[in-house]
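Subject: A structure for you to look at

Hello,

Here is the structure I promised to pass on to you. Please open it next to this email and follow along as you read.

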Amino acid sequence: MSEDLSEGEKGDTVGDISVRGDSVRGRMPRVSSIDMMANLASPHADKKLYIVLVSLHGLIRGENMELGRDSDTGGQVKYVVELARALGSTPGVYRVDLLTRQVLAPDVDWTYGEPTEMLNPLNPENHLNEIGESGGAYIVRIPFGPKDKYLSKEVLWPHIPEFVDGALGHILQMSKVLGKQIGSEKPLWPIAIHGHYADAGNSAALLSGVLNVPMVFTGHSLGRDKLEQLLNQGRQSREEINSTYKIMRRIEAEEITLDVSEVIITSTRQEIEEQWRLYDGFDPVLERKLRARIKRNVSCHGRFMPRMVVIPPGMEFRNIVSQDGDIDGEIEGNEDSYGAHDPPIWSEIMRFFTNPRKPMILALARPDPKKNLITLVKAFGECRQLRELANLTLIMGNRDAIDDMSSTNSSVLLSILKLIDKYDLYGQVAYPKHHKQSDVPDIYRLAAKTKGVFINPAYIEPFGLTLIEAAARGLPIVATKNGGPVDIHRVLDNGVLVDPHDHQSIADALLKLVSEKQLWCRCRDHGLNNIHLFSWPEHCKTYLARVTSCKQRQPKWRRSENANADSESDSPGGSLRDIHDLSLSLKISLDGEKNEGIGSLVLKGQEMATDRNANQIKSAPLKLSANESMEKQESSRFPSLRTRKFIVVIAVDSDSVADILDITKIIFEAVKTDNKDTTASQHSIGFILSTSWSMSEINCVLEKAGLKSSYFDAFICNSGSEIYYPSPNSSESQYIMDSDYHPHIDYRWGGESLRNTLVRWANSINDKKKEPVITELDSGSSHCYEFRVRDPSLIPPFKELRRLMRIQALRCHAIYCKNGERINVIPILASRAQALRYLYVRWGMELSKVVVFMGESGDSDYEGLLGGLHTSVILKGLSIGAASKIHDNRSYPLEHVIPTDNTKSVECDKCDRDGIKATLGKLGLGLLKS
């Protein structure tokens with residue numbers, strides 16, 4: 001069951017499935033997930049697929065999950081583990097890796113520190129004979145952040161680059177191993193990298209970019225929606241919310257997932273129509289137009305939207321006791337027969353009740369304000385009839401002492417206890433302190449045994465997996481009308497939806513279900529008869545259909561006869577056909593609003609872009625080695641990156657290329673060895689220059705600074721959109737461009753359509769200021785559009801330009817550089833940090849051997865170079881002044897993304913030869929001494 005709104009057509013919507021229990025009774029028997037997995041004929045059964053899932057926060061393990069231990073270890077943890085297990089048991093899937101954080105903290109169980117954990121397959125008897133040596137589903141724990149601390153998701157942001165570097169190493173190694181196991185000479189690259197939640201989505205975007213493989217994303221909950229809810233509550237200001245939740249960093253990460261993802265999986269239509277549409281990078285109307293134009297082979301002018309697909313989470317039915325039969329007699333005849341053979345959790349709950357035989361109203365949620373348990377208790381307490389007919393059970397995670405809980409959770413629990421006292425609900429409400437994950441099915445079963453009701457009263461519920469779990473055990477439901485429960489109820493038709501803010505409507509719905517026996521039985525039957533529609537095999541079948549339909553990309557280094565076909569952009573903007581179809585016309589505003597009919601864009605054809613790019617290269621005062629292929633050089637020069645003991649990267653930003661090279665010369669003098677020959681290829685130390693300047697600009701002043709191109713292993717130019725290598729077989733003025741890099745970063749590059757929009761934006765600013773504030777320059781690159789800024793104070797901050805491009809579905813990086821005097825616009829998958837990772841993937845340059853020299857501040861991409869497996873040296877006193885103003889206009893402060901306790905970063909107070917050598921000594925890099 002899936003729904004693809006991006007097609008603009010009716011899919012397999014929930015409305016297409018009969019939702020009345022009696023309509024399917026007798027012709028669609030409930031089966032186990034194992035049986036269904038075997039019966040689903042998979043079109044991928046003969047394939048060998050490798051899938052990478054990423055979920056960073058919380059405590060993740062395959063068995064005995066500690067759900068409810070804290071706010072980060074909840075439904076998402078259960079979802080990703082079960083998804084990995086189900087995909088690993090699906091025909092055609094060779095291996096699934098669920099990447100998460102390794103936690104070695106003394107206050108958590110030792111199992112979370114194990115590097116690898118194999119997940120038991122759904123059907124172990126049949127599956128063990130089918131998987132290869134390294135096949136199956138695994139939890140892989142990557143060390144990042146403080147090793148001895150368990151961190152909440154709000155403080156994980158500064159450590160994401162370190163995770164990306166570690167995960168990249170694992171994927172590269174595993175791809176090679178799997179390729180050999182399946183008998184291929186090539187690595188088995190992931191068919192997709194699937195991020196879960198914003199932090200993992202940001203990580204998956206970086207991994208997808210450096211590996212050039214498709215990305216998939218599931219939000220689970222979204223930052224803009226949470227921000228609106230918190231603001232509406234009026235308890236905190238925007239600044240306080242951002243300080244507590246790092247909400248703006250989270251929102252930016254979610255915008256990045258829109259930039260990079262091929263497919264975004266949601267649980268409900270509501271998530272698309274009411275939550276994702278809050279983002280700059282997604283517009284449902286524009287998305288449907290683009291999808292329709294692609295179907296008709298009509299140009300989209302370089303614009304892209306991810307495909308939004310509704311795939312409800314699955315559920316594992318193996319351990320569910322079938323209750324298709326009539327359980328009335330069992331209940332009526334055994335109401336007093338709770339005994340020694342009952343699960344222990346039953347007695348733990350029933351000890352709270354004066355009359356445990358009454359129907360049980362069950363709620364299972366953390367004591368979080370958004371779960372709305374306080375309103376539930378108020379509804380129960382104020383309805384005398386409901387109190388007389390039913391008991392209330394609140395399963396609110398695990399706790400030892402209230403004082404040890406977070407302030408938010410303890411506040412909710414204390415409010416509930418006060419309401420129990422206010423309404424004198426002693427003997428009618430259960431709130432046990434502890435339960436195991438394995439107890440949850442028994443808790444549902446107890447509620448069903450008493451003919452009870454399950455309730456989810458959350459203010460908004462992204463999906464509502466507990467509603468499905470309850471229905472599978474024969475429990476009718478009462479649920480919030482906001483979010484996923486609407487879609488679940490449309491399929492199951494097994495209860496009542498309510499306004500979570502109206503405690504009277506909650507009480508009325510509960511009273512109706514517990515007092516009307518026939519209604520209770522009818523809702524139970526509807527749920528049981530339709531629950532199979534939410535099985536994991538159904539989910540995986542739709543999931544693989546969507547993921548495998550993505551245009552497959554992967555690292556490709558060598559040319560072939562089909563190189564041109566392989567490297568073609570997947571941009572529909574490549575088509576030269578266009579039609580005048582009013583229903584598909586693209587009219588997009590340049591004032592930053594999501595609307596139509598303002599300022600129709602005049603867009604040039606692709607052939608004009610080709611001519612312009614050719615002229616750019618010819619005009620650049622730079623000699624490129626002729627007829628010299630990258631492959632020919634592999635045996636001579638470039639593998640030296642792999643053999644270096646250390647790689648020194650100079651990434652100091654300045655508005656003068658001469659100043660950068662002067663600093664570079666000082667760094668050379670500080671780290672050079674005793675060898676008098678300073679040719680880089682003869683040293684154990686390599687050098688890379690990483691800058692926003694073009695290769696031609698660097699080349700013009702290189703010799704004036706007393707440096708030679710041969711001193712360097714590579715040049716990362718134009719803010720990471722170009723990589724050059726000095727030619728070992730030619731004169732000093734010749735370089736080799738990495739011709740594989742542009743196809744690697746070409747994904748969603750808007751080309752000439754993007755340039756036209758940028759020119760229009762620049763002209764609109766010039767018109768407003770009545771003077772030429774922004775002027776287009778010739779960068780000499782097909783993948784970097786460059787603009788000169790006369791006065792940085794007269795132009796909008798870089799976040800506004802980024803927002804404008806996203807609103808128009810143009811996916812790119814707009815980087816303010818050279819103290820705000822230049823703007824480089826490059827592909828979304830390109831950056832200076834990503835270029836370093838590319839060199840690792842391309843040439844095997846170990847990131848842990850890299851030392852990056854930076855200023856105190858820099859270009860707007862400065863944060864990307866902070867953190868990771870490399871060592872950072874911050875040169876005090878450099879890149880201050882105008883550059884710092886660039887970062888004053890960020891959506892979030894740099895403090896939210898810079899590690900405060902980073903042992904791999906050190907400050908250098910004196911930017912001279914002796915000061916740099918002393919700083920390197922502090923880092924333990926004694927090999928760099930001369």
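Which residues in helix α7 (residues 223-233) are buried? They are Gly 223, Asp 225, Lys 226, Leu 227 and Leu 230. Buried means under 20% relative accessible area, exposed means over 50%, and partly exposed lies in between (1.4 Å probe, protein chains only). Helices (H or I, at least four residues) and strands (E, at least two) are DSSP runs, numbered from the N terminus.

Before going on, two notes on the model. It is a predicted one, where local features need pLDDT of at least 70 and side-chain atom pairs count only at pLDDT 80 or more, while totals for chains, interfaces and linings use all residues. Residues are numbered from 1 along each chain as its sequence is written, and side-chain values use heavy atoms, with hydrogens and water left out.

Back to α7: the cover over its buried residues includes α8 (238-245), α9 (247-260) and α10 (269-275). Just after α7 comes Gly 234, with a positive phi of about 75°.

Next, find the open sheet of 4 strands, in the order β22-β23-β25-β24 with antiparallel pairing. Because β22 (774-777) and β24 (812-817) are at the edges and have a single partner strand each, one side of each has no neighbour in the sheet. Two strands pair if DSSP finds at least two bridges between them. Strands β23 (residues 785-789) and β25 (residues 822-827) are joined by 4 bridges in the antiparallel sense, and Phe 787 stands opposite Ile 823 in β25. Helix α30 (residues 751-769) packs on the sheet and touches β22, β23, β24 and β25; contact means heavy atoms within 4.5 Å.

Finally, the charged pairs. A salt bridge is a side-chain nitrogen of Lys or Arg within 4 Å of a carboxyl oxygen of Asp or Glu, and the whole structure has 45 of them. In one of these, Lys 818 pairs with Glu 786, with the closest N and O atoms 3.2 Å apart. Lys 818 lies in the loop between β24 and β25 and Glu 786 in strand β23, so the pair ties together parts that are 32 residues apart in sequence. Lys 818 is buried, at 1% relative accessible area, and Glu 786 is buried too, at 3%.

Salt bridges that share partners also join Arg 61, Glu 66, Arg 69, Asp 70 and Asp 109 into one network. Within it, Arg 69 meets Glu 66 at 3.8 Å, N to O. Arg 69 is partly exposed at 29% relative accessibility, and Glu 66 is partly exposed at 25%.

Enjoy exploring!

Technical notes:
Axes are lines fitted to C-alpha atoms, for helices over the stretch in contact, and angles run from 0 to 180 degrees between N-to-C directions.
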